[in-house]
Amino acid sequence: MKTICKIIFMAVLALSTFSCDEFLEEDPKGRLAQSTFFGSENDLDLSLNSLYKRIAYRNASNQYMAHMWGGDDISTHPASNKQDFREFDRYIVSDNSTRLHDEWTATYQVIKAANYIINNAGRLTGGDERLNAKVGTTIAQAAYWRAYAYFQLTRCWGKVPLVLADDMNYEEPLASEEEIFNQIIADLKLAETDLPAQWTGTPWSMNGRNIAVSQGAAKATLAYVYLSFAGWPFNKTEYYAQAASKAREVIDASDRKDQGYYYELLDEYWKVYSWTYNNDNPEVLLATYYSMNWPWDESAMSTYCDVIEDVDGGSHGGGWNDSGAEIRFWKNFPEGPRKEATFAPKTLLKGVLQDWWWDPGYGTADGRVVCNPWYLAACEGDRGTEFDYTKGNDQGDMIGEKSHKAIRLSEVYCWYAEATGRSGGNDPFAYEVLNRVRTRAGLEPIANGSLSSESLAEAAYDEHGWEIAGYYWGSLAPRYHDLFRMNRVKDHFEFRKQNPEIEVAPGVFRKEKIEVTGTWDDSKMYAPYPAADAMLNPNLKR
């Protein structure tokens, strides 16, 4: 049986013999789109191939989401070659960070490809209604991904150049965060209007699931963007009600199974990231799909980024990893099947399975260099198999094809409940959908009306953090974005400065190996602009 990734839409990106890439490559002086393109219907597909190729590339690895290390759910290696990640983990980021430049460049390449479609695909419109409709959905997809890209950019840098034209102007002024959010909302509104609820036929869908971005994904994204607009630094609290309303549209259509919405929760949490449901997951509203037949930097490199085995490099063995869980986050994570599926039960050290905190030399020069829990979500085994934590790194490699899930229905449930509470509401349906998430996680349901509006919002906020713990490959709303909009990054900064020992087992205490120092100010919420780009654009100066 052919792998699904050979016949889904994303595969076309890598297998095409021709694309409009040549018009979309970065050029320091910019380049106008060739006027001969978009002369036939085939050009619509070629332009989308180029766009989705850039999306797949950007979302393949954590190096394009480096600012997520500012969250309270993940930490990186205190030594090794993880300096660029440690800078975000410590809130002291250099403008020469290669990860910073990678994220900036890869995200703007998505925008450039999207702009090309939005500004030129309309040449094909005419008297053919079917072709006109295809032009509309092509532009709508591009508008969605432009919005997605700008959302990621402004969460990392705040003010950025708002480039909407084809040509690259390296003296483009910085747009305010509010201007960027207004553009994001405008693009998402276009997308939700012109995208179908359910695609049919390859390469747009597979197994009855949407592969390309759909109306439901656009509406869900709007809900989270509204939730973010209501928070820091804007504090436009009137958007909480709009966030709840938009999330409710997705939930109601999914519950009724009408309008083409098929989304529903999987019955057990372990299935969410399992290989079995990799290409047939009814909970996923938006994902990036991969193939191991692609080049390594366009494959799902999450396997490479998340496996920990003999990771300390000292007397207990050698190995590698990029990320592990922060100890307090693991400690506060509610017990139950969701926690069991989120974190590896044991760590393989010198061929022996140990508790993650095992460290007979703790506090001495013989202690482990790395001593953190680690996440299972993105791990995969040998091609087409589930990851087996008891085998450690003796499976798979740094090239993978596990889909990277940007939005899940459980998140929309949490956003609805949180937005309802923060807007002063306390309706029974908010409890109902929040309890759908909680009961699957093995937690007791919250009694209807038993919480204040504020407490309901906080319960949903916490639940979302546990649902997406440690997951940031292409994610719309990783934990860092939640902390950011609630202006709680500074609280985590202060906690990391204290770095208290935490009791992780009876009589066993551990603390983070990476030290956080300095004094907080809100400039730490934003990364510096990459030095290489600041040399080209004098406006990129802090």
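Helices here are DSSP runs of H or I with at least four residues, strands are runs of E with at least two, and both are numbered from the N terminus. The views below all come from a predicted model.

**View 1. The whole protein, before we zoom in.** The protein has 18 helices and 12 strands. Of its 542 residues, 62% are buried. Among contacts with a separation of 6 or more, 73% are between residues 24 or more positions apart. The accessible surface is about 19,400 Å², and carbon and sulfur atoms account for 49% of that area.

**View 2. The largest nonpolar core and Tyr144.** This core holds 146 residues, and those with the most contacts inside it are Leu51, Tyr144, Trp145, Tyr150, Ile407 and Val412. Helix α6 (residues 129-157) is the top contributor, giving 15 residues to the core. Take a moment with Tyr144: leaving aside residues up to four places away in sequence, Tyr144 touches Leu188, Ala191, Val213, Ala217, Ala218, Thr221, Leu286 and Ile407.

**View 3. A salt bridge between Asp267 and Lys271.** The count for the protein comes to 34 salt bridges, and here is one of them: the side chains of Asp267 and Lys271 meet at 2.7 Å, N to O. Asp267 is exposed, at 55% relative accessibility, whereas Lys271 is buried, with a relative accessible area of 10%.

**View 4. Arg440 and its salt-bridge partners.** Glu283 and Arg440 form a salt bridge whose closest N and O atoms lie 2.6 Å apart. Because Glu283 sits in the loop between α9 (239-256) and β6 (284-288) while Arg440 belongs to helix α14 (residues 428-440), this pair ties together parts that are 157 residues apart in sequence. Are these two residues buried or exposed? Glu283 has a relative accessible area of 0%, so this residue counts as buried; Arg440 is buried too, at 8% relative accessibility. Arg440 also forms a salt bridge with Glu467, with the closest N and O atoms 3.2 Å apart. Glu467 lies in helix α15 (residues 453-467) and Arg440 in helix α14, so here the parts tied together are 27 residues apart in sequence. Salt bridges with shared partners join Glu283, Arg338, Arg408, Arg438, Arg440, Glu463 and Glu467 into one network.

**View 5. The hairpin of β11 and β12.** Strand β11 (residues 502-505) pairs with strand β12 (residues 508-510) in the antiparallel sense, over three bridges. Look for Ala505, which stands opposite Val508 in β12. Two residues lie between the strands, and in this hairpin Gly507 takes a positive phi near 80 degrees.

View 6. Thr202 and Pro203 are joined by a cis peptide bond with omega at about 5 degrees. You will find Pro203 in the loop between α7 (177-194) and β4 (205-206). The bond from Trp232 to Pro233 is also cis, with omega near 5 degrees, and Pro233 lies in the loop between α8 (215-229) and α9.

View 7. Asn207 is not a glycine, yet its phi is positive, at about 55 degrees. This asparagine is in the loop between β4 and β5 (209-210) and is partly exposed, with a relative accessible area of 44%. Lys257, again not a glycine, has a positive phi of about 55 degrees. Its place is the loop between α9 and β6, and at 41% relative accessibility Lys257 counts as partly exposed.

Definitions and conventions. Residues numbered from 1 in each chain as written. Predicted model: local features only at pLDDT ≥ 70, side-chain atom pairs only at ≥ 80, totals over all residues. Heavy atoms only, no water. Buried < 20%, exposed > 50% of the residue type's maximum accessible area, 1.4 Å probe, protein only. Contact = heavy atoms within 4.5 Å. Areas by Shrake-Rupley, 256 points an atom, 1.4 Å probe, with all protein chains shown as cover. Core = buried A, V, L, I, M, F, W, Y, C linked by side-chain atoms within 4.5 Å. Salt bridge = Lys/Arg side-chain N within 4 Å of Asp/Glu carboxyl O. Pairing = 2+ DSSP bridges.
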